[in-house]
Structures are given as C-alpha cells and as structure tokens.
Amino acid sequence: MSTPTPALSRPDYQLPRSHAAFVRASRVIPGGVNSPARAFGAVGGEPPFMARAAGAYLWDIDGHQYVDLIGSWGPMILGHGHPRVKQAVAESLETGTSFGAPTERESEIAETVVQAVPSIEMVRFVSSGTEAAMSAVRLARGVTGREKIIKMRGHYHGHVDALLVQAGSAATTLGTPNSPGVTRGAAADTLLVPFNDAGAVAEILRAYPDQIAAVLLEPVAGNMGLVPPRPGYLEQLRDLTSKAGVLLFFDEVMTGFRVAYGGAQERFGITPDLTALGKIVGGGLPAAAYGAASKLMEFVSPAGPIYQAGTLSGNPLAMAAGHTTLKILRDESPYEKLENLTARLEAGLNRAARDAGVPHVVQRVGSMITLFFHDGPIWDYEDACRSDTKLFGRFFWEMLARGVYLPCSQFEAAFVSAAHTEADIDHVCTAAAESLKAVRS
Ligand code: KE4
C-alpha cells in the first residue's frame, strides 16, 4: 500500500457515510461510541467510522486512507494485521474460542511475561487495563492491610471508582476527571499529588504514617499527553516507598513492551513492587495483566485470600495474539527502529511548528510522542492543562484531512509502530507543516 497523498484541504473534507453511521450509532450507543476517547469530544465534529486496517494504515468507510498514529491507543506496536499474529489467532480459533478452563497457552505467555518484566515473578491475566489496575490496588491494600493510596493528578488507570479521581485521558478531555457516580467513600482513600514532585509524596507519607498501601503512577505519563518522569524522580519514589514500607505500583498498561521490551521499569532501571500491563500484551485482543513478586501474588485467590476473577481472563484467542506479539518483540526487537522513526517524527514536528511560528513543545519517550501547543516543557497535569486545546482541535482536523489519524485529544500520546516507514513519517511531517500554516492563517 502506498503512503496516502495529502488531501487538498479541510473544508471539502466530508465524511458522509461516517456521519450516517454516527447518527445510527448514537441512537443505540451512548455518544455513538463504546469508549469516550473515540468520541472527538476534544476536537469537535464526528469520528470517522473505520472499515479496515493494515500495517501502518486505517481506512474509513468513506474510503479515506490514514497514516495511523493511534494504533488502537497503543496495542498495535507491530502495526495492524501482522501475518504471524493473524495466523496464531486463526489457528487458535480452530480449537475453540473460550473454555472457562485452564490452557497451557496461558502458562506459555505468563512465562514470557515473567522473563520480560523485571518486577514480575507471577502474573494474573485479566481482560482490560482497568481490571488490571483495580486488581493490583486491591492486592496492595490486602497485602499491606492499609487503605489509602497515592495517585498522580492527570494519570489514568481505567475507570475504577477509586482511581477516577483527577483522571487523565478522555476523563480530562470531557471535563469529568472526577466522574459523577463515584462516591465520596470510594474516592476518600485516594490521595492526589502532582506528577514529578517527590516532595509532595514525601509529605503525604509523613502525614499518613503506616496508612498508605501504595503509590501508583504511569512511570511515563501518556494520558495527559506524553509527560516523562523528571531525571531522578522514579529513583526518589522507589527510595521513599521502600523506606516507608509502601508498595510502588507502576501502571505499565501503556508503557509495557512499548518503551522497552521490559517496559519503563527496564528503560529507567527501577523495579516497582507491582506492575499492571495491558494493550500490547493482548496484541489487539482483550487481555491485560498484573504481576509482582511471588510472595505478593501468592495472596491472590485461589492461592490466597484476595479475590479476583474473570470469565474471559486468559482467553485463548487473546493469549494467542498477545503471546505472538510478545515473541516477535522479543526475537526481532524493533525498538531501535521505533526510536529512530519517532525521533524523525519529533524533529519533523518541531521543524513544522517552528517554521509556522507556533508556541509548542514535542515530548517523546521511545515511540510515544505528543506535540503540545504549549510554550515550554510539560512536567505535570497543571502544565498540560495550559495547552491550547482549541488550536489542537483545528490542527487535528487539518491533519485528518491530509491523511493522518492523530489521537483525538491534546491529552493523549501518539504511537509509532514497527510497520511505519520513513516515507509515512515524512508524510506526517509534511501534513503537519501544511496544517500548522493553515491553522495559523
Ligand atoms: P483499559 O481498561 O482501557 O484497557 O485500560 C485502562 C488504562 C489503564 N492504564 C493506563 C496507563 C491506560 O492508558 C489505560 C487506557 N488508556 C486509554 C488511552 N489513553 C484507552 C483508550 C480508551 O479509553 O478508549
């Protein structure tokens, strides 16, 4: 498939079939989508409905082709429809779709995860990142006998009541970081601090001695746009939590197998006590996981008393897609290619914004990247919220009209896959230069 040529301009960019599909969907699905992040709430207009995907590309039902920079919000690190992943799922399909009984395939992928992720000696598979984060928090509270947790403002760990407090991702986009329906009781034990501020964590640990079960965070934040840890910050958290007998929980649903094969904990050399995984670990099918040292995981039912369960946990099809994805990442290690492609994108976006005279900052870790319309670096949620989200919305549509599918919010990270080529990246940079000139005029 050749890389799409940029469309002429935004005004003639119509999506008639997607519009009809959106009207139809909105009658029977809240907001016409099954996840708010897809709803274009932050950028206005209606989302294109997708017909198919292959490699680095998406095609909508109006026939438009896009260079895909969402990759299903992270899972598609190999690109869409990798032949070996498709083959593995097809073969798995031949033996059934779900048994509700253990299979050896679950042990095989569990062994691969244990070998890959420094903090994990045992792992439990679930069906979503939300479940993984929720279960890990329950484990932390159950093991320590403590009830309070420390969460970072703007970090997103799925729609768990206790964690939907100052949440990022679409919760920020849609202005519901503290959703109605989350009771005061559910949120009462969630203490909030700014990301990248170890002093704030130290202060809470002092104020609540022996009451904090865990500090949880995205080690590289992707849900307020891409915000890296300040140099030394993760080391400070590790030191503070170890000294206070508090568990350090890395939510690596997004960064796991993304920023390095062993995730952020491998890239930054910090070993947390608990890890949540998702997205890539399912290879595009519903699977996620949480893991830790055996001495902690042995508390999880039925080995121990802390209950957690799931009808489709360890689903054979998802295990086949996820395990094949992990084995390709392990054996072919596309990480240098991902680093180079995304560095090329970073340079191109910086050049385009500089030439257009647009205040901006491009932030990147590995193949996760965000162009913020904000003058100067972003280290926390308060900084991120000062970005020009209206300008982002106009930029987003200019890019869409030029065949580039960005995350539909300033508060999301974009993802480059191993299926992208330099030509795809150059197309994105050309489209960005044209789009920024268009929104500036
Ligand atoms: P899921 O329940 O959506 O599988 O995972 C929740 C989750 C947990 N932890 C982190 C760090 C995450 O990024 C996520 C989900 N990420 C969003 C994108 N920012 C998923 C997209 C969506 O909500 O549709």
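Helices and strands here are DSSP runs, numbered from the N terminus. On that numbering, F40 sits in the loop between α1 and β1. The model is predicted.

## Two helix pairs

Two packed helices are described by the angle between their axes and the distance between the axes.

Take α2 and α11 to begin with. Helix α2 covers residues 83-94 and helix α11 covers residues 316-332. Their axes come within 8 Å and cross at roughly 150 degrees. Angles over 145 degrees count as roughly antiparallel, so α2 is roughly antiparallel to α11. The crossing of α2 and α11 is right-handed.

Which residues in α2 and α11 meet? From α2 come R84, V85, A88, V89, S92 and L93. From α11 come P316, L317, A320, A321, T324, T325, I328 and E332. By class, the contact of α2 with α11 holds 9 nonpolar, 3 polar and 2 charged residues.

Now α7 and α8. Helix α7 spans residues 198-207, and helix α8 spans residues 233-244. The axes of α7 and α8 come within 10 Å and cross at roughly 10 degrees. Angles under 35 degrees count as roughly parallel, so α7 is roughly parallel to α8. Helix α7 brings A198, V201, A202 and L205 to the contact. Helix α8 brings Y233, Q236, L237, L240 and A244. The contact of α7 with α8 has 8 nonpolar residues, 1 polar residue and no charged ones.

## Aromatic pairs

A pair of aromatic rings is described by the distance of the centres and the angle of the planes. How many aromatic pairs does the structure hold? There are 12 aromatic pairs. The table gives two of them.

| Pair | Type | Centre to centre | Angle between planes |
|---|---|---|---|
| F40 and Y405 | tilted | 6.5 Å | 45 degrees |
| F373 and F395 | edge-to-face | 5.4 Å | 80 degrees |

The pair of F40 and Y405 links distant parts of the chain, 365 residues apart. F40 lies in the loop between α1 (16-28) and β1 (50-54), and Y405 in strand β13 (residues 404-405).

Are F40 and Y405 buried or exposed? Buried means under 20% relative accessible area. F40 has a relative accessible area of 1%, so F40 is buried. Y405 has 10%, so Y405 is buried too.

The pair of F373 and F395 also links distant parts of the chain, 22 residues apart. F373 is in the loop between β12 (368-372) and α13 (381-384). F395 is in helix α14 (residues 389-401). F373 and F395 are both buried.

Ring pairs link F40, Y66, F396, W397 and Y405 into a cluster.

Most residues other than glycine have a negative phi, and most peptide bonds are trans. Where does this chain depart from that?

F40 returns here. Its phi is near 65 degrees, a positive value in a residue other than glycine. F257 also has a positive phi, near 65 degrees. F257 is placed in the loop between β8 (247-252) and α9 (263-267). With a relative accessible area of 1%, F257 is buried.

The peptide bond between S301 and P302 is cis, with omega about 0 degrees. P302 is found in the loop between α10 (294-297) and α11. Helix α11 is the partner of α2 described above.

Key. Residues are numbered from 1 along each chain as its sequence is written. This is a predicted model: local features need pLDDT of at least 70, side-chain atom pairs count only at pLDDT 80 or more; totals for chains, interfaces and linings use all residues. Side-chain values use heavy atoms; hydrogens and water are left out. Axes are lines fitted to C-alpha atoms, for helices over the stretch in contact, and angles run from 0 to 180 degrees between N-to-C directions. Helices (H or I, at least four residues) and strands (E, at least two) are DSSP runs, numbered from the N terminus. Angles under 35 degrees count as roughly parallel, over 145 as roughly antiparallel, 65 to 115 as roughly perpendicular and the rest as oblique. A crossing is left-handed if the near helix is turned anticlockwise from the far one by less than a right angle, and right-handed if clockwise. Contact means heavy atoms within 4.5 Å. Ala, Val, Leu, Ile, Met, Phe, Trp, Tyr, Cys and Pro count as nonpolar, Asp, Glu, Lys and Arg as charged, and the others, Gly among them, as polar. Rings of Phe, Tyr and Trp (its six-membered ring) pair if their centres lie within 6.5 Å; planes under 30 degrees apart count as stacked, over 60 as edge-to-face and the rest as tilted. Buried means under 20% relative accessible area, exposed over 50%, partly exposed in between (1.4 Å probe, protein chains only).
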